[in-house]
Amino acid sequence: MSLRRPAKDQPDNFEFNSSSLEVANSMVAKYPKGKQQSAVMALLYIAQKQNNNWIPLAAMKYIAKFLDMPYIKVYEVATFYSMYNLSPVGKYFIQVCTTTPCMIRGAYKLVDVCKKKISKNENNISKDGKSSWTEVECLGACVNAPMIQINEDYFEDLDPEKLNNIIDKIKDDVTLKPGSYRGRTNSEPENIRKTLLGNKNA
Ligand code: FES
């Protein structure tokens with residue numbers, strides 16, 4: 001698991017723009033009166049989306065006021081969950097799952113590709129400013145291991161060559177098809193296997 005710390009360079013202020021404000025108010029309205037603090041995770045996500053995929057401390061303070069709750073409680077939530085980015089990330093933020101199923105299927109070879117093609121150390125933005133990468137725990141797509149997440153999409157059944165190609169394409173802003181890169185539909189068995197006793201080595 002990577003070390004997560006708030007960025008050293010922080011903006012002084014943050015506030016929701018009009019479209020974020022509209023979504024935030026609709027989220028808060030889902031909770032009973034007096035329970036608005038339950039919207040904290042949704043509001044952090046809205047702030048992250050508005051702010052180029054990371055959450056500054058000023059946004060946590062703003063959300064604390066917005067929900068009338070202590071800043072430290074918002075900070076605790078934002079720093080606990082790895083899906084909240086506490087420092088700037090690349091336009092294409094690559095999360096490489098290195099938990100056991102992905103690890104034994106070659107996840108660390110994917111990490112090597114990220115180190116070579118993006119930045120030597122995780123959470124550093126590439127020289128062209130286009131991408132950054134980090135290691136994460138299981139993303140829930142183990143059956144298609146090894147896999148990565150780029151922004152909101154999953155890319156599965158990968159190997160170093162396929163990841164190389166993916167990174168080359170995102171550098172050129174090519175829109176990529178998410179899902180399996182071994183031609184599977186979702187997580188269907190390979191070789192048209194239908195039962196556990198079907199084709200061998202499927
Ligand atoms: S172990 Fe990688 S997605 Fe679950």
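**Why these labels?**

Student: Why does Asn123 count as partly exposed?

Tutor: Its relative accessibility is 31%. Buried means under 20% relative accessible area and exposed over 50%, with partly exposed in between (1.4 Å probe, protein chains only). The value for Asn123 falls in between, so the residue counts as partly exposed. Bear in mind that this is a predicted model, where local features need pLDDT of at least 70, side-chain atom pairs count only at pLDDT 80 or more, and totals for chains, interfaces and linings use all residues. Residues are numbered from 1 along each chain as its sequence is written, and side-chain values use heavy atoms, with hydrogens and water left out.

Student: What makes the phi of Asn123 worth a remark?

Tutor: Phi is near 70 degrees, a positive value in a residue other than glycine. Asn123 sits in the loop between H6 and S2; helices (H or I, at least four residues) and strands (E, at least two) are DSSP runs, numbered from the N terminus.

Student: And why is Asn151 called partly exposed?

Tutor: Its relative accessible area is 28%, so the label is again partly exposed. Asn151 belongs to the loop between S3 and S4, and its phi, near 50 degrees, is positive too.

Student: How do you know whether H1 is roughly parallel or antiparallel to H2?

Tutor: The axes of H1 and H2 cross at roughly 170 degrees and come within 10 Å. Axes are lines fitted to C-alpha atoms, for helices over the stretch in contact, and angles run from 0 to 180 degrees between N-to-C directions. Angles under 35 degrees count as roughly parallel, over 145 as roughly antiparallel, 65 to 115 as roughly perpendicular and the rest as oblique. So H1 is roughly antiparallel to H2.

Student: Which residues make that contact?

Tutor: With contact meaning heavy atoms within 4.5 Å, H1 brings Ser20, Val23, Ala24, Met27 and Val28, and H2 brings Ala42, Leu43, Ile46 and Gln50.

Student: What makes a set of residues a nonpolar core?

Tutor: The members are buried Ala, Val, Leu, Ile, Met, Phe, Trp, Tyr and Cys residues joined through side-chain atoms within 4.5 Å. The largest such core here has 24 residues, and Phe16 and Leu43 are among those with the most contacts inside it. H3 supplies the largest share, 6 residues. Another core, of 18 residues, lies apart from it and includes Val96 and Phe155.

Student: How do you know which strands pair in the sheet?

Tutor: Two strands pair if DSSP finds at least two bridges between them. S1 and S2 have 6 bridges in the parallel sense, so they pair. The open sheet has 5 strands in the order S2-S1-S3-S4-S5, with mixed pairing.
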